[in-house]
Amino acid sequence: MSGDVLRGAPPHTGSTAFINARIVDPAADAEYTGAILISDGKIADFGPNLFASGAPYGIGSVDCRGLHLAPGLVDARVHTGEPGEEHKETLESAGIAAAVGGITSLVLLPDNEPPFDDASLIEFVARRARQVKLANMYAYGALTVGLEGKELAEIGLMAEAGAVAFTDADHAVGNAQMLRRALYYAKGFDALIVHLPQEPSLSGGNMTSGVMATRLGLSGVPPLAEVMMVERDIRLAEMTGGRLHLTKISTAESVKAIAGAKARGLKITCDTAPPYFALNDLAVGDYRTFGKLVPPLRSEADRESIVEGLRDGTIDAIVSDHRPQDQDSKRVPFAQAEPGGIGLETLLPVSLELVHNRQLTLPQLFQRLSAAPARLFNLPGGKLAKGAPADLVLFDADVAWRVDRDDLWSKTKNSPFDERPVQGLVMATIVGGRTIYRHDNFTPTPAAA
């Protein structure tokens with residue numbers, strides 16, 4: 001993808017009007033032609049009738065030419081290699097890829113070397129984010145010391161240092177007593193526990209169980225490994241009254257169980273990632289290691305259920321689950337390959353398939369990409385509101401292109417969507433009123449004198 005990432009763009013001062021835009025307002029569940037006025041890095045005003053005849057004299061203007069303008073994406077599940085594996089991804093390279101993908105806020109997973117199980121590492125992320133000056137970056141705190149599931153980490157101290165939630169990333173907590181204690185303890189801080197529901201003793205296979213696994217001769221992970229843990233976690237949340245967010249939901253039975261828990265009024269929320277509503281286990285194909293993920297790609301019936309869960313609101317949010325792996329980790333036999341795929345730059349275009357297929361409207365999509373994750377993790381972006389940060393994405397929902405790993409800005413190229421035709425392209429990304437990315441095909445109107 002061609003464009004300019006504007007590293008270290010200066011803070012936004014003065015006022016700028018983005019006019020002639022198709023505004024996507026997830027909070028109002030509305031889409032309309034209008035404008036947004038930015039002043040000193042915040043949204044000063046917005047609406048369908050704002051600057052209908054052009055921006056007033058003295059206010060800089062950007063003519064959006066009928067492109068869509070929406071709250072920037074809030075990606076609540078991003079892994080980088082910094083610290084520990086900077087050859088896979090750094091905070092700067094992740095920030096660049098996020099800018100190209102229209103993502104204005106990232107929440108970084110704690111499974112680094114060392115893991116984020118100490119307040120000093122939460123502060124490290126905040127300090128590095130200020131140095132990088134691209135997307136807003138926040139950090140999870142580790143749920144247990146060393147992500148080992150044996151001893152609770154210092155949740156209170158990390159919360160004070162700025163951790164937005166607590167998780168052991170892709171390490172499921174198999175010990176029910178440990179998760180029970182975590183939910184009780186976090187409740188005192190009104191902290192959110194994020195858990196990947198995968199029963200560890202059933203999750204050691206290479207792909208989902210079924211005909212494809214049998215045909216390829218690969219060990220399988222039964223869908224039951226997910227729903228068993230979902231049902232256990234729901235019971236623990238019910239017992240403790242704690243806030244629990246289940247991540248990367250991938251099976252029909254899990255969607256059904258979570259819908260039932262929500263109907264009972266439990267504090268349960270969940271997310272999924274594009275591979276689970278856009279791909280199925282056939283994408284593993286000819287031992288394609290880019291399709292090796294955690295959880296594994298599921299059956300077509302499961303994929304359809306994830307789409308339905310997004311449509312009816314059972315699934316609250318969509319995350320990228322960005323997990324870079326280098327060539328040495330992927331160019332090996334399938335059983336030996338490390339799981340994970342990059343997803344920052346494909347999060348919006350692949351998710352837009354839900355709109356093009358008429359499964360969601362654009363406002364509904366941005367409720368799941370922006371508003372819901374910002375609300376769940378108590379982040380300031382994700383919405384259009386007076387006084388809110390001017391974190392925005394300008395995009396063309398209709399332009400067609402093909403994902404090519406060689407054109408991606410991420411440091412590693414392990415995209416499960418490589419070679420996939422998509423529809424939708426980011427034209428500009430604005431963070432705090434600063435334009436941090438601009439596509440070559442979008443040239444803004446010069447500011448008024």
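Mentor: Gladly! Let's begin with a pair of charged side chains: E308 and R311 form a salt bridge, with their closest N and O atoms 2.6 Å apart. Keep in mind that this is a predicted model.

Trainee: Where do E308 and R311 sit relative to each other in helix α9?

Mentor: The general idea comes from helix geometry: an α-helix has 3.6 residues a turn, so residues three or four places apart point the same way. Here, E308 and R311 are three residues apart in helix α9 (residues 300-312), which separates them by about one helical turn. As for the surface, E308 is partly exposed at 34% relative accessibility, and R311 is also partly exposed, at 43%.

Trainee: How many salt bridges are there by this rule?

Mentor: The count comes to 21. D45 belongs to strand β4 (residues 42-47), while K386 is in the loop between α13 (362-376) and β18 (392-402), so the pair ties together parts that are 341 residues apart in sequence. D45 counts as partly exposed at 23% relative accessibility, whereas K386 counts as exposed at 60%.

Trainee: And R77 with D321: what is the N to O distance in their salt bridge?

Mentor: It is 3.5 Å. R77 lies in strand β7 (residues 73-78) and D321 in the loop between β17 (317-318) and α10 (327-330), so this pair ties together parts 244 residues apart in sequence.

Trainee: Are R77 and D321 buried or exposed?

Mentor: Use the cut-off here: under 20% relative accessible area is buried. R77 has 0% and counts as buried, and D321, with 9%, is buried as well. Both residues also belong to a network of salt bridges that links R77, D111, D170, K248, D321 and R323.

Trainee: Now a whole helix. Why is α1 described as largely enclosed by the rest of the structure?

Mentor: For a helix, look at how many of its residues are buried. In α1 (residues 91-100), nine of the 10 residues are buried, so the helix is largely enclosed by the rest of the structure. Among the buried ones are L91, I96 and V100. The buried residues of α1 pack against β1 (3-5), β8 (103-108), α2 (119-132), β9 (136-139), β19 and β20 (434-439). Just after the helix, G102 takes a positive phi of about 80 degrees.

Trainee: What about cis peptide bonds: where should I look?

Mentor: Check omega. The bond from E82 to P83 is cis, with omega near 0 degrees, and P83 is in the loop between β7 and α1. Another cis bond joins V294 and P295, with omega about -10 degrees; P295 is in the loop between α8 (274-278) and α9.

Trainee: To finish, how do I read the overall fold?

Mentor: The protein has 13 helices and 20 strands, and 59% of its 449 residues count as buried. A compact globule with 449 residues would have a radius of gyration near 22 Å, and the protein agrees with that at 21 Å. Of the contacts with a separation of 6 or more, 75% come from residues 24 or more positions apart.

Methods: Residues are numbered from 1 along each chain as its sequence is written. This is a predicted model: local features need pLDDT of at least 70, side-chain atom pairs count only at pLDDT 80 or more; totals for chains, interfaces and linings use all residues. Side-chain values use heavy atoms; hydrogens and water are left out. A salt bridge is a side-chain nitrogen of Lys or Arg within 4 Å of a carboxyl oxygen of Asp or Glu. Helices (H or I, at least four residues) and strands (E, at least two) are DSSP runs, numbered from the N terminus. Buried means under 20% relative accessible area, exposed over 50%, partly exposed in between (1.4 Å probe, protein chains only). Contact means heavy atoms within 4.5 Å. The radius of gyration is taken over C-alpha atoms; the globule rule is 2.2 Å times the number of residues to the power 0.38.
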